[in-house]
Amino acid sequence: MFEDEAVSGSLLIRGASLMTARADPVRCGEVLLSGDRLAAIAIPGHATCLPNTESIDAAGKVVTPGLIDCHTHLIFAGSREDEFEQRLQGATYQEIAARGGGINATVQRVRRASKEELKALARPRLERFLRFGVTTIEVKSGYGLTLVDEIKCLEAIAELNAEGPLELVPTFLGAHAVPPEFRNDRDGYIRLLIDEMLPEIARRKLASYCDVFCETGVFSLAESERILGRARDLGLGLRLHADELTPLGGAELAARMGAASADHLLCITDAGIDALAASGTVATLLPGTAFFLGVDYAPARKLIERGVKVALASDCNPGTCPTENLPLVGAMACTQMKMLPAEVLTALTLNAATALGRADRIGSLEVGKQADLVIWDVPDYRHLFYHFGVNHAWRVIKRGRVVYAA
Ligand code: IZC
Ligand code: ZN
């Protein structure tokens with residue numbers, strides 16, 4: 001996709017402010033990459049003498065871990081600007097879905113698309129993510145809703161992951177909606193999910209996680225529990241679209257089932273917050289969606305103050321958040337949810353890595369971790385969210401290689 005500046009060997013980044021996501025900012029440090037790993041950090045004047053070390057002068061710039069987007073619906077066909085306009089005129093997301101629009105409108109398009117077409121549609125989206133400093137991205141299926149079409153989407157994710165440079169984490173979201181052919185037999189669709197789709201997808205190792213859209217009119221709390229229980233028995237990790245539009249108790253369910261993440265939480269109750277605080281489940285907030293739907297934001301401050309680990313993600317999808325601009329989502333988290341810039345950066349890196357079960361390998365600048373990082377052309381990390389809506393990424397480095405240069 002881009003010219004490699006460093007194919008292997010060592011790379012030294014000099015003179016930048018470092019935001020490690022683990023410790024306080026380092027004003028002027030150095031980062032040494034060796035192969036695909038971080039070999040040393042913040043040792044000015046030390047590593048420069050290593051032989052065969054290429055170096056990048058990043059004076060006056062900021063280095064952070066590569067951003068991680070832990071909630072996207074990247075595999076889709078078509079677009080839904082008609083619904084966007086209808087919502088501006090007063091229709092709600094649920095009303096549009098009830099008349100056959102919404103998720104099922106995208107399902108019709110995805111079923112007609114081939115795997116190659118889906119991959120071709122996804123590549124420019126991935127490239128936009130990369131240019132905004134995103135180096136790992138969770139991707140859900142969920143617009144196929146038949147065994148064949150869900151496998152087509154999950155295989156597209158696996159093949160895009162193999163192409164690189166972005167790392168993709170696959171999630172099976174067959175429980176995204178009840179497809180039209182099961183409108184009068186929703187239990188039949190749930191049995192299809194549990195008896196056929198989940199076992200086959202687990203057998204083929206096509207998904208790391210199973211997710212469910214737990215929402216009034218979509219999948220109930222009891223249905224969500226049945227589906228997630230089966231997924232857990234098959235060895236999949238769990239995530240949940242929880243308390244997005246109505247307070248159903250999804251956060252409590254996610255916590256009780258040991259889910260990696262409970263997502264959205266616009267309508268989370270105090271009991272839900274307590275349940276998340278008492279569990280290891282990450283709260284993944286998606287302020288771009290609240291912005292795009294024009295609804296109230298999730299209670300980020302309350303979650304943080306009660307000790308819940310908060311991640312932020314884009315929710316990139318054609319219905320409720322068509323964007324790849326993850327730093328802009330971070331700016332929304334600041335201005336609309338009063339998260340501080342440092343909290344936002346942690347939410348977009350280390351906490352997102354935790355939400356994807358990969359915090360041992362990615363999400364912070366630590367010796368031994370994978371060398372995924374971004375050099376931003378800003379004088380201070382707060383500019384990432386303060387000077388909002390534009391792209392500050394100057395170099396994006398994945399597994400030790402420069403994969404994007406501004
Ligand atoms: O296509 O509307 N909320 N899933 C759950 C979505 C939004 C995506 C869509
Ligand atoms: Zn979603």
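Tutor: We'll start with the ligand and then turn to some individual residues; keep in mind that this is a predicted model.

Student: Where does ligand 1 sit?

Tutor: In the largest cavity.

Student: Changing topic: is Glu-167 buried or exposed?

Tutor: Glu-167 counts as buried because its relative accessibility is 1%, and the cut-off for buried is under 20%. You'll find Glu-167 in strand 8, which covers residues 167–175.

Student: Which side chains make polar contacts with the Glu-167 side chain?

Tutor: Arg-361 is one partner, at 3.0 Å, and Gln-370 is another, also at 3.0 Å. Leaving out residues up to four places away in sequence, Glu-167 also touches others, including Thr-135, Asn-161, Asp-372 and Lys-398.

Student: Where is Val-178?

Tutor: Val-178 is in the loop between strand 8 and helix 6. Val-178 counts as buried, with 16% relative accessibility. Beyond its neighbours within four places in sequence, Val-178 is in contact with Asn-104, Arg-183, Arg-186, Tyr-189 and Phe-219.

Student: How far apart are the C-alpha atoms of Val-178 and Tyr-189?

Tutor: They are separated by 6.8 Å, with the two residues 11 apart along the chain.

Student: What about the backbone: which peptide bond is cis, the one from Gly-164 to Pro-165 or another?

Tutor: The bond from Gly-164 to Pro-165 is cis, with omega near -5 degrees. Pro-165 belongs to the loop between helix 5 and strand 8. Most peptide bonds are trans, and most residues other than glycine have a negative phi.

Student: What is phi for Leu-145 and Leu-265?

Tutor: Leu-145 has a positive phi near 65 degrees, and Leu-265 has a positive phi of about 65 degrees. Leu-145 lies in the loop between strand 7 and helix 5, while Leu-265 is in the loop between strand 11 and helix 9.

Student: Buried or exposed, those two?

Tutor: Leu-145 is buried at 0% relative accessibility, and Leu-265 is buried with a relative accessible area of 0%.

Notes. Residues are numbered from 1 along each chain as its sequence is written. Chains are lettered from A and ligands numbered from 1 in the order in which they are written. This is a predicted model: local features need pLDDT of at least 70, side-chain atom pairs count only at pLDDT 80 or more; totals for chains, interfaces and linings use all residues. Side-chain values use heavy atoms; hydrogens and water are left out. Helices (H or I, at least four residues) and strands (E, at least two) are DSSP runs, numbered from the N terminus. Buried means under 20% relative accessible area, exposed over 50%, partly exposed in between (1.4 Å probe, protein chains only). A polar contact is a pair of N or O atoms within 3.5 Å; within protein, one must be able to donate a hydrogen and the other to accept it, and residues adjacent in sequence count only if both atoms are side-chain atoms. Contact means heavy atoms within 4.5 Å. On a 1 Å grid over the protein atoms alone, a cavity is a set of points where a 1.4 Å probe fits but cannot get out, and a pocket is an open set with protein on both sides within 12 Å along at least five of seven lines; lining residues have an atom within 4 Å of a point. A molecule sits in a cavity or pocket if more than half of its atoms lie within 2 Å of its grid points.
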